[in-house]
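This briefing looks at aromatic rings and how they are placed. A pair of aromatic rings is described by the distance of the centres and the angle of the planes.

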Amino acid sequence: MLVISFAKLIVLCVLLVMVLGKLEGEAFIDYFHTNNSDFWIPFESDEVMDHIPKVAMLPTNLHFNAPLEGDPKGENGLVAFISDKPCSDNPKACCVNGHCANISGSHLETNITFLYGTFEIYLRTSHNQSTTDVSSLTCLSTFISGGNEIDACFGSSHGLDKTIHCTYFSPEMIQKKIPLDFDPGMGYHTYAFLWQKESIEWFVDGKSVYKVTGQPQKGGIPWMPQRIVLTYRPLDPNFVGTDSIDIGYIKYTPLAK
């Protein structure tokens, strides 16, 4: 009986290691030539609907293996949309758990978490094809409930916001807007942040633009494993029309051990 119990204990420990090992993701790069639904999940919840303005994050706004307009590499990738049309054509399509919105956006996140490393995106931000002077926000983030979050965000209002928003929450928001010498909606660039135990550093086209340091604790550097999140949402409650962003890839490189 003792031998059997010990064997069962060994099997249980092996299963726990296998399960827990999946909580923190390994290195990857996704060009979005297919919808890897086992890795990425669209997001529909009341949490998104609590924002002002209310935005319905619709999976149908995510177009995989789509041509990337103006990409010098001529590749396909992910084109994400914001639009009022799905909501005006079918109001029920923009209702989540009884909460309804008049405008829709795009949201994608991993179903596993990641810890320290480099998080990178190849991106052309919103280039204002809508019929209104749209104000939108595009973010590559790491996020987990409990006040841990890191963001590289970009606003768009007909090219007026030429900054990268270097932001983190622990749990209060700390943000620094860094000017760019180009319009991020007019071309493709790489944006990244390097998250280490005692620092976060943001990069544009491989060049460091901002860095913060601190301790991995509440009020300091985020310390909890987090999901990778892509968010694209209108900020104008009167938004009318359709606009898009183009993503060539998202990449994660863990710290060298």
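**Aromatic pairs in the predicted model**

Tyr 31 is partly exposed, with a relative accessible area of 40% (buried means under 20% relative accessible area, exposed over 50%, partly exposed in between, with a 1.4 Å probe and protein chains only). This is a predicted model, in which local features need pLDDT of at least 70 and side-chain atom pairs count only at pLDDT 80 or more, while totals for chains, interfaces and linings use all residues. Residues are numbered from 1 along each chain as its sequence is written, and side-chain values use heavy atoms, with hydrogens and water left out.

**Pairs between distant parts**

- Searching the whole structure gives 17 aromatic pairs (rings of Phe, Tyr and Trp, the last by its six-membered ring, with centres within 6.5 Å; planes under 30 degrees apart are stacked, over 60 edge-to-face and the rest tilted).
- Tyr 31 and Tyr 249 make an edge-to-face pair, at 6.0 Å centre to centre and 70° between the planes.
- Because Tyr 31 lies in the loop between β1 (28-30) and β2 (40-42) and Tyr 249 in strand β18 (residues 242-254), this pair ties together parts 218 residues apart in sequence (strands are DSSP runs of E, at least two residues, numbered from the N terminus).
- Tyr 249 counts as buried, at 11% relative accessibility.
- Phe 119 and Tyr 252 form a tilted pair, since their ring centres are 4.9 Å apart and their planes at 40°.
- That pair links Phe 119 in strand β9 (residues 117-124) with Tyr 252 in strand β18, 133 residues apart, and both residues are buried.

**Cluster and charge**

- Ring pairs link a cluster including Phe 28, Trp 40, Phe 119, Trp 195 and Tyr 252.
- Lys 73 lies over the face of Tyr 122, 4.4 Å from the ring centre (NZ of Lys or CZ of Arg within 6 Å of the centre and within 35 degrees of the ring normal).

Terms used
Helices (H or I, at least four residues) and strands (E, at least two) are DSSP runs, numbered from the N terminus.
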